[in-house]
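Hi everyone, thanks for coming. Let me put the structure up, and then I'll talk you through the sheet and the pockets.

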Amino acid sequence: MIIAEQITKKYGKLLANDHVSLQVKEGELAILLGPNGAGKSTLIKSVCGLLRFNGNITIGGFENHSLEAKRILGYVPELPALILAPGLIRALIVGFSIDWAEKIEIKPIFSVRDQMLTMIFME
């Protein structure tokens, strides 16, 4: 269960979230829907403990910054930071399987993105 109570987040004078509260019970699916700049990503990043905010957030009954809460919640950002660090990915993979890691080729994200766009739009 995720409970967010009175979440307020400001970026300077810009009020991104203004006393937002929500509750997602176990087994429920929640969707944050709104236009660009409405504060959806800010709220998600607050829930994940990536931003400082005013209010209270619990995940499975644990404070959202706790290790217990982080074990329960999964988050995939819009642009994963690890993709931008191929050397780090290779180092992590090497830790699991040296033989396999030596055979793969890791490409920069922009190259992969461009290839995907080409395939999708047949440019």
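What you see here is an open sheet of four strands in the order β2-β1-β3-β4, with antiparallel pairing. The edge strands, each pairing on one side only, are β2 (14–24) and β4 (62–63). Strands here are DSSP E runs of at least two residues, helices are H or I runs of at least four, and both are numbered from the N terminus; two strands pair if DSSP finds at least two bridges between them.

A quick word on the model: it is predicted, so local features need pLDDT of at least 70 and side-chain atom pairs pLDDT 80 or more, while totals for chains, interfaces and linings use all residues. Residues are numbered from 1 along each chain as its sequence is written, and side-chain values use heavy atoms, without hydrogens or water.

Back to the sheet: β1 (residues 2–11) and β3 (residues 54–59) pair in the antiparallel sense over five bridges. Ile3 stands opposite Thr58 in β3.

Now the pockets. A pocket is an open set of points on a 1 Å grid over the protein atoms alone, where a 1.4 Å probe fits, with protein on both sides within 12 Å along at least five of seven lines; lining residues have an atom within 4 Å of a point. Volume is the space filled by probe spheres set on the points, which are joined across faces, edges and corners.

The largest pocket has a volume of about 400 Å³. Of its 18 lining residues, Ile2, Val24, Ala30, Ile44 and Val47 are the closest to the centre. β2 and α1 (40–47) are the elements that give two or more residues to that lining.
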